[in-house]
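Biologist: I am new to this structure. Please show it, and then I will ask how its labels were reached.

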Amino acid sequence: MKQNPANETVNETVVKDMMWKFLMDGGQKENIPALKEYVYDLIKMTTQKSAGQNEKLQAKGHIDWKELDMTLMSIVIEATCLVLSGKLDGLEDKPE
């Protein structure tokens, strides 16, 4: 498994600068409900009958396809926070 480069030492000192602290392991708090909501929105967007169609053809209650980029970026951000929070570490398969 690769290690987080933000945790590595640079010139014998650990990078503790506040500017980079958010990228270090433990530097984020996970928001699992938000991640699930964005994933469910993505599933709804890609499976709804009007997926990718002109906004004039959007059915009531459907998510506009223009939201796709923001939804994908939100998933990436929340997944990154989940990894950096350390909550996934306990779910990894341990080598026997």
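Modeller: Start with aspartate 25: leaving out residues up to four places away in sequence, it touches Asn4, Asn7 and Leu84, where contact means heavy atoms within 4.5 Å. This is a predicted model, in which local features need pLDDT of at least 70, side-chain atom pairs count only at pLDDT 80 or more, and totals for chains, interfaces and linings use all residues. Residues are numbered from 1 along each chain as its sequence is written, and side-chain values use heavy atoms, without hydrogens and water.

Biologist: How far apart are aspartate 25 and leucine 84 in sequence and in space?

Modeller: They are 59 residues apart in sequence, and 4.7 Å apart in space, C-alpha to C-alpha.

Biologist: Why is aspartate 25 called partly exposed?

Modeller: Its relative accessible area is 45%. Buried means under 20%, exposed over 50%, and partly exposed in between, with a 1.4 Å probe and protein chains only. Aspartate 25 is therefore partly exposed.

Biologist: What makes isoleucine 77 buried, exposed or partly exposed?

Modeller: Isoleucine 77 has a relative accessible area of 44%, so it is partly exposed.

Biologist: How do you know that glutamate 30 has no salt bridge?

Modeller: A salt bridge needs a side-chain nitrogen of Lys or Arg within 4 Å of a carboxyl oxygen of Asp or Glu. For glutamate 30, which is buried, the nearest side chain of opposite charge is lysine 29, 4.2 Å away.

Biologist: Which residues does glutamate 30 contact, leaving aside neighbours within four places in sequence?

Modeller: Glutamate 30 is in contact with Cys81, Leu82, Ser85 and Lys87.

Technical notes
Lys and Arg count as positive and Asp and Glu as negative; His and the chain ends are not counted.
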